[in-house]
Amino acid sequence: IRVIATAHNANDNAEAVLFNLCRGTGVKGISGIPVKRYEEGFLIIRPIIKADKADILDYLEKNNLSYVTDGTNDDTDYTRNYIRHEILPRLARINTAFVENISNFSDILSWTDEYISERSDEFLERFSNGSTVDRNAFLSLPKALLANVIQKLSGVTVSYKVTELICKFAKNASVGQRMDISADCVLYHNGKT
């Protein structure tokens, strides 16, 4: 088996976007569930990610097809289920096309994330050796690229607050000063990088 197809749909994607937004996320998290991704040698695809759940259930009923539902899906003690059963229906009252709009929004942000990632790779090829980065070049980056460059250098997904702290450190740190980002990542100002 090299390819795994999941039944994630547009409603699942809307839930994921709202859940990630509530937790505090960057562009990647608010981009929602990707149509495809590689994980541990497998290609995971989501062929019905753009389909509305109501349309899927309607198709199953009309064609007398059975399906399986996770028994915990109705338990609103779980945040995702609370979003599914309480938040999404209320947002749909504001606009019945809400799920479709979230799906389109997450596509746009996915394209934006891809563009930012490509620009970050170009920056790192030019101004980094993999463990250091030219300080002045880093500080001249547009804010849209900073978090992505930090993530690529450190291997750590950093929050908005940590991104701001790293930028402040890069701008104001004295030579020899250090800042711990994670157990495996330390910033160190050596005078230029």
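Analyst: Start with Asn81, which is found in helix H4 (residues 79-94). Helices (H or I, at least four residues) and strands (E, at least two) are DSSP runs, numbered from the N terminus. This is a predicted model, in which local features need pLDDT of at least 70 and side-chain atom pairs count only at pLDDT 80 or more, while totals for chains, interfaces and linings use all residues. Residues are numbered from 1 along each chain as its sequence is written, and side-chain values use heavy atoms, with hydrogens and water left out.

Asn81 has a relative accessible area of 5% and is therefore buried. Buried means under 20% relative accessible area, exposed means over 50%, and partly exposed is in between (1.4 Å probe, protein chains only). The side chain of Asn81 reaches the backbone oxygen of Thr72 at 2.7 Å. A polar contact is a pair of N or O atoms within 3.5 Å; within protein, one must be able to donate a hydrogen and the other to accept it, and residues adjacent in sequence count only if both atoms are side-chain atoms. Setting aside neighbours within four places in sequence, Asn81 is in contact (heavy atoms within 4.5 Å) with Thr72, Asn73, Asp74, Asp75 and Thr76.

Thr25 lies in a loop, between helix H1 (10-23) and helix H2 (27-30). With a relative accessible area of 36%, Thr25 is partly exposed. A polar atom of the Thr25 side chain lies 3.5 Å from the backbone nitrogen of Gly29. Not counting residues up to four places away in sequence, Thr25 touches Asn20 and Ile30. Thr157 is 132 residues from Thr25 along the chain, yet their C-alpha atoms are separated by 9.5 Å.

Next, the sheet. Three strands form an open sheet in the order S1-S3-S2, with mixed pairing. S1 and S2 stand at the edges with a single partner strand each, so one side of each has no neighbour in the sheet. Two strands pair if DSSP finds at least two bridges between them. S1 (residues 3-5) pairs with S3 (residues 42-45) in the parallel sense over three bridges; the bridge partner of Val3 in S3 is Leu43, and Ile4 stands opposite Ile44. S2 (residues 36-39) and S3 run antiparallel, joined by four bridges, with Arg37 opposite Ile44. S2 and S3 form a hairpin with two residues between them, and Glu40 in the turn has a positive phi of about 50°.

The nonpolar interior comes last. A nonpolar core is a set of buried Ala, Val, Leu, Ile, Met, Phe, Trp, Tyr and Cys residues joined through side-chain atoms within 4.5 Å. The largest has 20 residues, and those with the most contacts inside it are Phe123, Phe138, Leu141, Val149, Ile166 and Ile181. Helices H5 (98-127), H6 (135-139), H7 (143-154) and H8 (160-172) and strand S4 (178-182) each supply at least two residues of this core. Apart from it lies another core, of twelve residues, including Phe19, Ile30, Ile83 and Val99.

H7 and H8 pack at an angle of about 95°, with their axes 10 Å apart. Axes are lines fitted to C-alpha atoms, for helices over the stretch in contact, and angles run from 0 to 180 degrees between N-to-C directions. H7 and H8 are therefore roughly perpendicular to each other. Angles of 65 to 115 degrees count as roughly perpendicular, under 35 as roughly parallel, over 145 as roughly antiparallel, and the rest as oblique.
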